[in-house]
Amino acid sequence: MLVRSRLLSLQFVSLLSPPSSKPEPFILSLRNNIGSSACRSLSQDVSAPKTTTSRPPSDTTRFVRDVLFVPPGVDPDEVSEDMVLPGSNIVVGPYAGDAKIKQVEFVKSSGRAKDCPKDHRPEFAILGRSNVGKSSLINSLVRKKEVALTSKKPGKTQLINHFLVNKSWYMVDLPGYGFAKTSEAARMDWSSFTKGYFLNRNSLVAVLLLVDASVPPQKIDLDCANWLGRNNIPITFVFTKCDKTKGSKGKRPDENVRDFQELIRQNYRQHPPPWIMTSSVTGLGRDELLLHMSQLRNYWDQ
């Protein structure tokens with residue numbers, strides 16, 4: 001099966017190709033010979049010293065390294081198509097384990113990063129723009145309707161909320177950013193303590209940065225991603241609302257995902273961060289996201 005079919009039959013533009021006014025569709029397949037403009041663009045970006053003794057990587061190896069997220073324990077030369085999670089660029093490796101959520105309990109809400117739990121269990125922070133579907137995704141992951149409060153008022157979450165999963169790791173619901181109907185001073189306070197959490201939380205495995213796929217790329221999401229990247233905080237992009245057949249601005253979710261990736265690749269030309277498409281309505285990507293989290297967690301916890 002082609003990787004393209006594993007990506008829900010989407011047509012993506014190569015992350016390696018230079019931007020153009022009319023991008024050509026790119027078939028994401030390990031069986032294809034990637035020797036055209038994508039490979040030429042890559043050769044222009046790589047600044048490795050020229051040697052006459054070392055053997056250059058194959059086109060497929062370059063493709064794997066520069067398009068797919070290859071986790072620890074996986075040799076890029078040994079990646080096969082059935083190792084790629086559907087609807088994502090994520091390769092499954094040897095650290096992937098039991099991803100089933102059997103138990104979840106609310107532990108505490110913290111107004112300051114220093115007040116968060118101090119038991120050093122691994123944790124995943126869930127962050128996104130207000131109304132991105134953050135609470136709905138959390139409820140979908142744990143298969144419970146009201147673990148995280150779902151509200152029609154964007155910006156309802158105002159604290160750092162820790163949920164203990166399987167008595168072994170935390171899922172952390174962070175305040176949303178964007179158009180929350182609160183005072184400007186309160187928003188500044190939220191931004192301050194949220195950044196303090198990121199910079200001082202040694203038990204943080206990764207940030208799940210939620211991006212609404214039903215709308216075009218938003219500058220505020222790109223700014224957040226760039227800030228996390230500059231501070232060396234691991235990111236997984238989780239595209240939400242991918243069940244919608246057409247976005248509110250006229251484009252389909254897969255087109256908005258493609259546009260977002262083209263912008264992100266400007267800062268991640270090599271070693272791209274993992275991304276996955278989800279829907280809390282249909283359950284799309286739920287099991288795959290949990291499996292991805294399990295391999296990150298197990299590697300962190302070794």
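Student: Are Phe124 and Trp169 buried or exposed?
Tutor: Phe124 is buried, and Trp169 is buried too. Keep in mind that this is a predicted model.

Student: How many aromatic pairs does the structure hold?
Tutor: There are 8 aromatic pairs. Phe124 and Trp169 form an edge-to-face pair, because their planes stand at 85 degrees, with the ring centres 5.7 Å apart. For edge-to-face, the planes must be over 60 degrees apart.

Student: Where in the chain do Phe124 and Trp169 sit?
Tutor: Phe124 is in strand E2, residues 123–128. Trp169 is in strand E4, residues 169–173.

Student: What about Phe198 and Trp227? Which kind of pair do they form?
Tutor: A tilted one. The planes make 50 degrees, and the centres are 6.0 Å apart.

Student: Which helices do they come from?
Tutor: Phe198 lies in helix H5 (residues 184–200), and Trp227 lies in helix H6 (residues 219–230). The pair therefore ties together parts 29 residues apart in sequence.

Student: Why does Trp227 count as buried?
Tutor: Because its relative accessibility is 15%, and buried means under 20%. Phe198 is also buried, at 7%.

Student: Which residues form an aromatic cluster?
Tutor: Phe237, Phe239, Phe260 and Trp275 form one cluster.

Student: New topic: charges. How many salt bridges are there?
Tutor: The structure holds 16. Side chains of opposite charge can pair when their charged atoms come close.

Student: What are the details for Arg129 and Asp221?
Tutor: Their side chains meet in a salt bridge, 3.8 Å from N to O. Arg129 is in the loop between E2 and helix H4 (134–142), while Asp221 is in helix H6, so the bridge ties together parts 92 residues apart in sequence.

Student: Are those two buried or exposed?
Tutor: Arg129 counts as buried at 13% relative accessibility. Asp221 counts as buried at 2%.

Student: Which residue pairs with Asp173?
Tutor: Lys134 forms a salt bridge with Asp173, and their closest N and O atoms are 2.6 Å apart. Asp173 is in strand E4 and Lys134 is in helix H4, 39 residues apart. Asp173 is buried, with a relative accessible area of 2%. Lys134 is buried as well, at 8%.

Student: And Asp254 with Arg252, how far apart are the closest N and O atoms?
Tutor: They are 2.9 Å apart in that salt bridge. Asp254 is buried at 11%, but Arg252 is partly exposed at 39%.

Student: Which residues do shared partners join into one network?
Tutor: Arg129, Asp212, Asp221 and Lys241.

Student: Now the sheet. What is the strand order?
Tutor: E1-E3-E4-E2-E5-E6-E7, in an open sheet of 7 strands with mixed pairing. The twist averages 25 degrees from one strand to the next.

Student: Which strands stand at the edges?
Tutor: Strand E1 (104–110) and strand E7 (275–277). Each has a single partner strand, so one side of each is left without a neighbour in the sheet.

Student: How do E1 and E3 run?
Tutor: Antiparallel, joined by 6 bridges. Asn161 in E3 is the bridge partner of Ser109.

Student: Last one: which strands does H4 touch?
Tutor: H4 packs on the sheet and touches E1, E2, E4, E5 and E6. Its direction makes about 155 degrees with that of E4. Helix H7 (residues 253–264) lies across E5, E6 and E7, at about 155 degrees to E6.

Technical notes:
Residues numbered from 1 in each chain as written. Predicted model: local features only at pLDDT ≥ 70, side-chain atom pairs only at ≥ 80, totals over all residues. Heavy atoms only, no water. Phe/Tyr/Trp six-rings, centres within 6.5 Å; stacked < 30°, edge-to-face > 60°. Helix = DSSP H or I, 4+ residues; strand = E, 2+ residues; numbered from the N terminus. Buried < 20%, exposed > 50% of the residue type's maximum accessible area, 1.4 Å probe, protein only. Salt bridge = Lys/Arg side-chain N within 4 Å of Asp/Glu carboxyl O. Pairing = 2+ DSSP bridges. Axes fitted to C-alpha atoms, helices over the stretch in contact; angles between N-to-C directions. Contact = heavy atoms within 4.5 Å.
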